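The entries follow in the order I took them.

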Amino acid sequence: MRIPCAYANWKMHKTLPEALEFIYEFVPALFRDVKEGDVGVTIFPPAPYIWPIRQELGDDSPIFIGSQNIYTEKEGAFTGELSGNILRSAGASHILVGHSERRHKLDESNELVGRKLDRVIRDRLFPVLCVGELLRDREAGRTKEVVKEQLEAAWTGQEVTGGAIIAYEPVWAIGTGKNAEPRDAQEMCEYIRTWIAEYFTPETAASIRILYGGSVNPENISQYARLPDVDGALVGGASLDPGSFAAIAKAIAHSGGAR
Ligand code: PGA
């Protein structure tokens, strides 16, 4: 059974007081007409806010907190880096791996993304593996080939469980206001699910959540949330406002529920 998800990637935005203010407004706005269990919400704030947000939410909150990044090693002399154990002890359960901004602005290779995914799985955290093509790949008809390469490079030998999440985010749609056509998002999410079925098992493919990301907003989310292979959204810009992210999470919750 796949509970749909609404994930907020705040990137390098907000001060700590602004982050706490968001939580204060978002939680009641979300639960006004959504029941716990109708949608899995995870917020990926800047790393120093993980612990204060966890405290603000309280231990029994159904909202998860994630990290936008992780380092490949378990522990050691790696100044400035964050391990899975550090992130978990601060309250993170989910980790973004291979976000396009890290691949394309910070030069993370497919191979490095694979090592980070391996770390997340070994550390028993939930990975959110991001994949997606550049505009030139799409224009050259290479979309599936690029995404397949990213999936194959990331999953080299690791076990995968239904707890893993994949976000299909076409790079040209991120932060541009040019969201993908719903039929293209469905085609790619279905392609990813079929790849999982062949590479792992049909059972894993049926249980893994696949999200669409790229210029999602409260106006366009319902077009994606009802697609059969899209289990929710990874949201950047529109997740910074509590009312807008609550509206997106509600639309996902009301899209037909678990699949
Ligand atoms: P966007 O970002 O919603 O602002 O396009 C999505 C993302 O980067 O995950």
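Entry 1, cysteines. How many disulfides does the count come to? I note that the model is predicted. With the rule applied, I get zero disulfides.

I then looked up Cys130, which takes part in no disulfide. The cysteine sulfur nearest to Cys130 belongs to Cys189, and I find it 12 Å away.

Are they buried or exposed? I list Cys130 as buried because its relative accessibility is 2%. I list Cys189 as buried too, because its value is 0%.

I looked up where the ligand sits, and the space it takes is the largest pocket. Around the ligand I have 13 residues, and those that come nearest are Lys11, His99, Glu169, Gly175 and Ser215. Sorted by class, this shell holds four nonpolar, seven polar and two charged residues.

Which distances did I note to oxygen atoms of the ligand?
- For Lys11, I have a polar side-chain atom at 2.7 Å from a ligand oxygen.
- For His99, a side-chain N or O atom is 2.7 Å from an oxygen atom of the ligand.
- For Gly236, the polar atom belongs to the backbone, and I read 2.8 Å to a ligand oxygen.

I also looked up the cover: on its own the ligand has 280 Å² of accessible area, and the protein covers 95% of that.

Technical notes
Residues are numbered from 1 along each chain as its sequence is written. This is a predicted model: local features need pLDDT of at least 70, side-chain atom pairs count only at pLDDT 80 or more; totals for chains, interfaces and linings use all residues. Side-chain values use heavy atoms; hydrogens and water are left out. A residue is near a molecule or strand if one of its heavy atoms lies within 4 Å of it. A polar contact is a pair of N or O atoms within 3.5 Å; within protein, one must be able to donate a hydrogen and the other to accept it, and residues adjacent in sequence count only if both atoms are side-chain atoms. Accessible areas come from the Shrake-Rupley method with a 1.4 Å probe; for residues, only the protein chains shown count as cover. On a 1 Å grid over the protein atoms alone, a cavity is a set of points where a 1.4 Å probe fits but cannot get out, and a pocket is an open set with protein on both sides within 12 Å along at least five of seven lines; lining residues have an atom within 4 Å of a point. A molecule sits in a cavity or pocket if more than half of its atoms lie within 2 Å of its grid points. Ala, Val, Leu, Ile, Met, Phe, Trp, Tyr, Cys and Pro count as nonpolar, Asp, Glu, Lys and Arg as charged, and the others, Gly among them, as polar. A disulfide is a pair of cysteine sulfur atoms within 2.5 Å. Buried means under 20% relative accessible area, exposed over 50%, partly exposed in between (1.4 Å probe, protein chains only).
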